[in-house]
Amino acid sequence: MLSITRSRLALVAQLAFFGLNGFGLLLGTIYNSKVPDLYENNLHRKLGWAVTWIFLAQVLLGLLKFYSDGPWLDEGSYEERAAFMPVSIDRMAAYQQLHPDSLPAMHRYSHDSGQGTEPDSTRSNSLTGLREEKEEAQNYHGSEPAEIMNQLQHRKSLGLAMIDRIFSRASAKVPKQVRKFLGLLYDLVDRLVLVFGFVLILTGIVTYGGVFRGNNVFNGLAHAIKGGIFFWYGLLTLGRWMGSFADFGWAWNVRPPAGLVSARKAAVPSAEFVESFVIFLYGSTNVFLEHLAAWGEAWTAQDLEHVSISIMFFGGGLCGMLIESKRVRDLLNTSISGPPQFQQSGHLKDKWDPPKTYSFSMNPFPGLIILLLGLMMSSHHQHSVVSTMVHKQWGTLFVGFALARAVTYILTYISPPTSYFPSRPPSELVTSFCLIAGGIIFIASNKDTVAAMERYDLNAMFIFTVTMGLTAFLMAWTIMVLAVKGWATKKSKMLFVSRQEGLL
């Protein structure tokens, strides 16, 4: 998160992590040399070394960026980098009124009526905010903006002469186009680091437990992939509640217009469309994967049940995408739409205005599909009582997700969002909890894990209680990480304000 916000602490955090990871690799290498290989040709070892080299490359790129004078990417305006902060719009507009030549021309935003934006006008609240931000930035850094810039120019040193000399020379020799390409790779690793970690944890558990051997690997992969999708779906839902995707209009807020965010972000489809597309993609591809574990053998009733679920995902996702299409919704209104001149005349003109609910997406199909999946899995016959109970647990959690999402839609239907800020419906915390916990139990419901539970005389409630505690901890950790991101963004914001010479 520090790296995404372009915080100067990102490199320190990366070096600390890489040092800790290197210590872990040392211990692992010593352990492997003392014990026999109990899981030959396992994926975890190969993938672990590959990801370690990827992280090492990112740290080296971070050092090059640290010593470089120029940007490695076209990072855009401050608002674009700081990930949608509507609070600062009026303040930046007020600053431009006082110093029209110091900043590039700013667009008029949707909430600006055009009055009071002339150079000779003032906004007392905005100017007060600017003064407060400048004073806060000066107190934080302990010097005036000119001194801050001078300090930053001479602070590019880690205190190690050899490293300073090597990376200073190397960064000066990197061409501009290569910098942009390497910057893209750096940001790509930033986004994939969580996925890498998730896969490494899963493969590590598999290797430690000695499961998924032989033909059982297909059953294990199916549960790991499907359960992992719901696990990340839950984390993304929690991110929506916290406001991580407010600039896309995904945080249960009004979608910001193209003048407020970039045209690329304004063109991103709704969150419900993305959910429906993922459901559609899962169903359309999984139809051909359900029989892999018994390839070449006769189809059983259970195989047909699984394929039917995939077809339900296929059709349900397609319906959800059609509902999210503005073109389709306009075509569905043709039965009542009259000539334009008729709509714009008469005392019933206001009757032709679109309903308030049209401004916000309320698509029940993602929740409906997962509700049906949960009901099916809650009564899905398994080979043992423990397996049946474990499947019932994550099926019930998915039903809970659907019911909580229905509460969210009821709340937004009664009172649609009217602000760019995240509305944070409390029911979405329940949806994210149910998805995260359900995804973890889904992963654990594979044949080998259930067999191990039965062998060690563990009942189904063991995995349920452990998962509940782990889910609560993961949600708390996620909120803390996003709070750190907000803190880093705030500090970057203060640094941006303090860099403006002669602010007031």
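**Exercise 1.** Leaving aside neighbours within four places in sequence, which residues is N286 in contact with (contact: heavy atoms within 4.5 Å)?

*Solution.* First, the ground rules. This is a predicted model, where local features need pLDDT of at least 70, side-chain atom pairs count only at pLDDT 80 or more, and totals for chains, interfaces and linings use all residues. Residues are numbered from 1 along each chain as its sequence is written, and side-chain values use heavy atoms, without hydrogens and water.

Step 1: list its contacts, K226 and S310.
Step 2: check the side chains. Those of N286 and S310 are joined by a polar contact of 3.4 Å (a pair of N or O atoms within 3.5 Å, one able to donate a hydrogen and the other to accept it; residues adjacent in sequence count only if both atoms are side-chain atoms).

**Exercise 2.** Classify N286 and Y358: buried, partly exposed or exposed?

*Solution.* Buried means under 20% relative accessible area, exposed over 50%, partly exposed in between (1.4 Å probe, protein chains only).
Step 1: N286 has 7% relative accessibility, so it is buried.
Step 2: Y358 has 48%, so it is partly exposed. Y358 sits in the loop between α14 (340-343) and α15.

**Exercise 3.** Describe the largest nonpolar core.

*Solution.* Such a core is a set of buried Ala, Val, Leu, Ile, Met, Phe, Trp, Tyr and Cys residues joined through side-chain atoms within 4.5 Å.
Step 1: the largest has 29 residues.
Step 2: α16 gives the largest share, 7 residues.
Step 3: V390 is among those with the most contacts inside the core.

How values were computed. Helices (H or I, at least four residues) and strands (E, at least two) are DSSP runs, numbered from the N terminus. Contact means heavy atoms within 4.5 Å.
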